[in-house]
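Thanks for making the time this morning. I would like to walk you through one structure, and I will start with a single residue before widening the view.

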Amino acid sequence: MEQRDVLSLDSVDRIRGYVKHKYVHLPKEKHAEIVADAIVKIIERQLPPFEQELRQKLCNELIKQVVVREQRPVSLDDIDHACEQLASQDVEARQLWREWRVDHGIDEVIAERTWLDKLTKQLQQLYQSKRLRKSLLYAVGCLLIVLIAYFVKPVEQPKEADSIPIVEQTSTIEQESLPFNELPALYQYEQIDIDKLKSFLESRESKLADEPYFSTIIATAKEFNLSVVLLFAITGQEQGFVHREHEQAEEIANNPFNVFHSWKDYNTTIEDSTAIAARTLVNLSKDRPEDIEPIVWINRKYAEDPNWSKGVTSIFQTITNYINN
């Protein structure tokens, strides 16, 4: 069923572009404030008429969970779920929420979904029952084969054959399934020499060679099927791998990818910032023309600097050469 978006990611991009051109004379930090204020106003217009404090709390929760962490459009369903979590304990707010649900047809949508879910479940049960019958027939067939093999005397083989050992060869190679993305194999996940990677980072006095940063970036790369080297190369381009002696190394290491403008504007955890960066890379790699390099294609929205892709590519190659030599 069609998702009713309140704030789409395209809208956020348009707001950023508008602010960037209209307020070109202002610093980037001020741009981020104006964009954030515009996003808040768009979402607040769609909220139930709660008290301002609760409206702000709902809005902040939606931005944090949906826009920032999950990087997807904010829908009426998201607002409804957030209201259920935050407003259901307040009698007055609960009444306002119910009236809002009626005005927006939320109950009708849920009823339609419930009907579809029931139909889907019935079809699945029917399908499983058919599979069950097939499984029983298969089991009976296997049992007959076993009985025939047990009771029917095999044809006696020549004695020469008795001396030939039977070697059973089995293959136990398992290929782990990783999520699909549109990046070429060069930038997808593969196992590398972790000790050499850490050695490279140590040679740069990088805070990211420490825990939990090092293991978190590697685990997230695997989760999103992204090259470990690519993620670290981006931290090299954005923050010089976060030098340990920098007076704010602890804060910078929380967001070495500068997601959502910079580590100053969005200081979070390394788990959160790495996941956002990885998800952004996967999303921005979609629909790439064949004649455009992947990092150049990602550059168009990941960074304002048009030479960002050159820096990332150069660092990627440097790390790769270090690991392979």
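This is a predicted model: local features need pLDDT of at least 70, side-chain atom pairs count only at pLDDT 80 or more; totals for chains, interfaces and linings use all residues.

Let me begin at Pro73, which sits in the loop between helix H3 (52–70) and strand S2 (74–75), where helices (H or I, at least four residues) and strands (E, at least two) are DSSP runs numbered from the N terminus. Pro73 has a relative accessible area of 26% and is therefore partly exposed, given that buried means under 20% relative accessible area, exposed means over 50%, and partly exposed lies in between, with a 1.4 Å probe and protein chains only.

Residues are numbered from 1 along each chain as its sequence is written, and side-chain values use heavy atoms, with hydrogens and water left out.

Now the overall picture. The protein chain has 14 helices and two strands, and of its 325 residues 37% are buried. If we take contacts, meaning heavy atoms within 4.5 Å, between residues at least 6 apart in sequence, then 61% of them join residues at least 24 apart. The accessible surface comes to about 21,300 Å², and carbon and sulfur atoms account for 53% of that; the areas come from the Shrake-Rupley method with a 1.4 Å probe, and for residues only the protein chains shown count as cover.

Let me turn to charges. As a general point, side chains of opposite charge can pair when their charged atoms come close. The whole structure holds five salt bridges, a salt bridge being a side-chain nitrogen of Lys or Arg within 4 Å of a carboxyl oxygen of Asp or Glu. One of them joins Asp80 and Arg101, at 2.6 Å from N to O, and this pair links distant parts of the chain, with Asp80 in helix H4 and Arg101 in helix H5, 21 residues apart. Asp80 counts as buried because its relative accessibility is 9%, and Arg101 likewise counts as buried, at 13%.

What other residues are linked through salt bridges in a network? They are Glu202, Glu205, Asp210 and Arg244. Within that group, Asp210 and Arg244 have their closest N and O atoms 2.8 Å apart, and they bring together the loop between H8 and H9, which holds Asp210, and the loop between H10 and H11, which holds Arg244, across 34 residues of sequence. Arg244 also meets Glu205 in a salt bridge, at 3.6 Å from N to O. Arg244 is partly exposed, since its relative accessible area is 25%, and Asp210 is partly exposed too, with 22%.

Arg55, in helix H3, is a contrasting case: Arg55 is buried yet has no salt bridge, and the nearest side chain of opposite charge, Glu44, is 4.8 Å away. Leaving aside residues up to four places away in sequence, Arg55 touches Glu44, Arg45, Leu47, Pro48, Pro49 and Phe50.

Next, some backbone details. Most residues other than glycine have a negative phi, and most peptide bonds are trans. Against that background, Glu211 and Pro212 are joined by a cis peptide bond with omega of about 10 degrees, and Pro212 lies in the loop between H8 and H9. Phe241, which is not a glycine, has a positive phi of about 65 degrees, and Val242, also not a glycine, has a positive phi of about 60 degrees. Phe241 counts as buried because its relative accessibility is 7%, and Val242 is buried with a relative accessible area of 2%.

I will finish with packing around helix H13. The buried residues of helix H13 (residues 294–302) are Pro294, Ile295, Trp297, Ile298, Asn299 and Tyr302, and they pack against H10, helix H12 (270–284) and helix H14 (308–324).

Technical notes. Lys and Arg count as positive and Asp and Glu as negative; His and the chain ends are not counted.
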